[in-house]
Amino acid sequence: MRREMRRYHTEPAPIKLVKPALSRSVSGQVPLVPPDTDGVRQQLLADGPSTTLLDVAKGIIDRLLENPELEVEETLFLKDCIGASLETLAMPCSLLQRDTGDGTPGGYDYLFSIYAKQVQPSSSCPGTPGSRSRTPSVAFRQPNWDSIDSKMLTAFDLWDFDSFELSEATRGHPLRFAAWRALDGFLSDETEIFLDMDKTSRFLEAAEEMYAKADTVLYHNNVHAADVTQCVHALLVQFGFAAFFDQLSILALLLGAAVHDMGHDGRTNSYHVNVGDDIAYTYNDISVLENMHISKAFKLMRTDPSANILDGFKHDHRTRLRKEMVEVVLGTDMSSHFGNVADFKTLVEKLGNETREWHEEKAMSALRVMVLHAMDISNPAKVLDLSDKWSDLLRQEFFLQGDQERQLGLPISPLCDRDTVRFASSQVGFFTIIVQPTFALLAELQHRVKDRLLVHLRKNTEAWEARKKAESPGTQYYSSKVAPGPYS
């Protein structure tokens, strides 16, 4: 019988400083950790998660020049630094979440072994077919988190994360950062299924390059992709949905989120069908954009070996991952919304919220599809400022499509005529008819959704109800809240 994959760990270890240990670990390395003093805490807060142990030592020495008196913990730390290896001193403090003194995940030996594999020179040729080397090649470019505020890193696991801020902090490359952060658990040999670091880095870079940026496509761009990826991550971690899935399904959801709009041009399926372009003809007018998105993702892996994150996967794992990624991305087509919600409601009423009841493939497929689809339409369930910003971008993107349809002599699609649309009315309808029933079903499985997401949704609906009363065609309600530049 095939061993069941381990469940996703939903409770991340808290980041905290611990007292430096004087005894050596089982590997013989000194378990060097930053001392828990006011000076070190202030330094870590100011310099962020990229601060290394060597940086901490230099900071202590700098303070020593100003004040000759050191706390005992800092003195012991400097003494241990003298006998430590360069690999140890180069270790980022953000990796030292806890010190168990053994080789278990989170312990010093475990963290050091993982980090040492990243910094030691490679003894194998990068890109060798079938290679499972975890050592970065010259081409490896792990995201540089230096520009990311430590508070943003902490907030990444939470629902009200601001992907616009992430885009600014990463200079317009939020997707590779968001996806890398969400996939972090799969970048370890300790997991049953893990991703090659080189190939993952290249895949995320190439995937983001295939997304339009915010200055050309206002809504369906790389910021939206990063936001949906982070939302899936938050739903799994903060709201406990990871308990329903094994590792492979978690991976399919996160990768599906990252690629779910690859190549989107800011136009709807109906537009492409009405134009009769290559996309519509290639996919026979059926979920044309969704089919294109997932097709691009797998063609990227096939045509660029350096980005083939599935290289080295077991055949059954690779086959199943592809199947699940295809199904969740195709499930984001709004034309299948009502049918999918109806099927999912039947399953919720039948199976309830016990994870062991959701073991049938049909049920798991429906749940996977609903998770990504819900996160794709989750903007109404965010705090009002973020929800409004996303709504305004979508409104502008719709109007640009309507303008183009008018120029081409095509029927103007719903919500796309800037001269006649009553956007507040449409928002109220979308919130109440589409989003609320979807999230209400998710709340049946994890009640924390009701306490947070449905509360946001209710408040936002009330705000749009108030705007609806004063609405006239073309009314703008919140342009002052939209960031300048590509977001306006």
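This is a predicted model: local features need pLDDT of at least 70, side-chain atom pairs count only at pLDDT 80 or more; totals for chains, interfaces and linings use all residues.
Two residues are in contact here when heavy atoms of each lie within 4.5 Å of one another.

The protein is helical in its secondary structure, with 20 helices and zero strands. Of its 488 residues, 53% are buried. Among the contacts with a separation of 6 or more, 71% are accounted for by residues 24 or more positions apart.

Aspartate 261 belongs to the loop between helix H11 (247-259) and helix H12 (269-275). Its relative accessibility is 6%, and because residues under 20% count as buried, aspartate 261 is assigned to that class. Not counting residues up to four places away in sequence, aspartate 261 touches Tyr211, His220, His224, His293 and Asp376.

Helix H10 (residues 222-237) contains glutamine 230. With a relative accessible area of 0%, glutamine 230 is likewise classed as buried. When its neighbours within four places in sequence are left aside, glutamine 230 is in contact with Ala155, Phe156, Asp157, Leu158, Trp159 and Phe161.

H10 is also one of the partners of helix H8 (residues 174-182), whose buried residues pack against helix H7 (163-169), helix H9 (197-209), H10 and H11. Eight of the nine residues of H8 are buried, so this helix is largely enclosed by the rest of the structure. The buried residues are Pro174, Leu175, Arg176, Phe177, Ala178, Ala179, Trp180 and Ala182.

The loop between H7 and H8 holds arginine 171. Most residues other than glycine have a negative phi. A second case is aspartate 285, with a positive phi near 65°. Aspartate 285 is situated in the loop between helix H13 (278-282) and helix H14 (288-303). Its relative accessible area is 44%, so aspartate 285 is partly exposed.

Two packed helices are described by the angle between their axes and the distance between the axes. Helix H20 (residues 448-469) and helix H18 (residues 384-408) have axes that come within 10 Å and cross at roughly 55°. H18 and H20 are therefore oblique to each other, and their crossing is right-handed. On the H18 side the contact is made by Leu384, Ser387, Asp388 and Ser391, and on the H20 side by Asn460, Ala463, Trp464 and Arg467. Divided by class, this contact of H18 with H20 comprises three nonpolar, three polar and two charged residues.

H20 also packs with helix H19 (residues 423-445), at an angle of about 165° and with the axes 9 Å apart. Because an angle over 145 degrees counts as roughly antiparallel, H19 and H20 are placed in that category. The crossing of H19 and H20 is left-handed. In the contact of H19 with H20 there are 14 nonpolar, six polar and four charged residues.

Technical notes: Residues are numbered from 1 along each chain as its sequence is written. Side-chain values use heavy atoms; hydrogens and water are left out. Axes are lines fitted to C-alpha atoms, for helices over the stretch in contact, and angles run from 0 to 180 degrees between N-to-C directions. Helices (H or I, at least four residues) and strands (E, at least two) are DSSP runs, numbered from the N terminus. Angles under 35 degrees count as roughly parallel, over 145 as roughly antiparallel, 65 to 115 as roughly perpendicular and the rest as oblique. A crossing is left-handed if the near helix is turned anticlockwise from the far one by less than a right angle, and right-handed if clockwise. Ala, Val, Leu, Ile, Met, Phe, Trp, Tyr, Cys and Pro count as nonpolar, Asp, Glu, Lys and Arg as charged, and the others, Gly among them, as polar. Buried means under 20% relative accessible area, exposed over 50%, partly exposed in between (1.4 Å probe, protein chains only).
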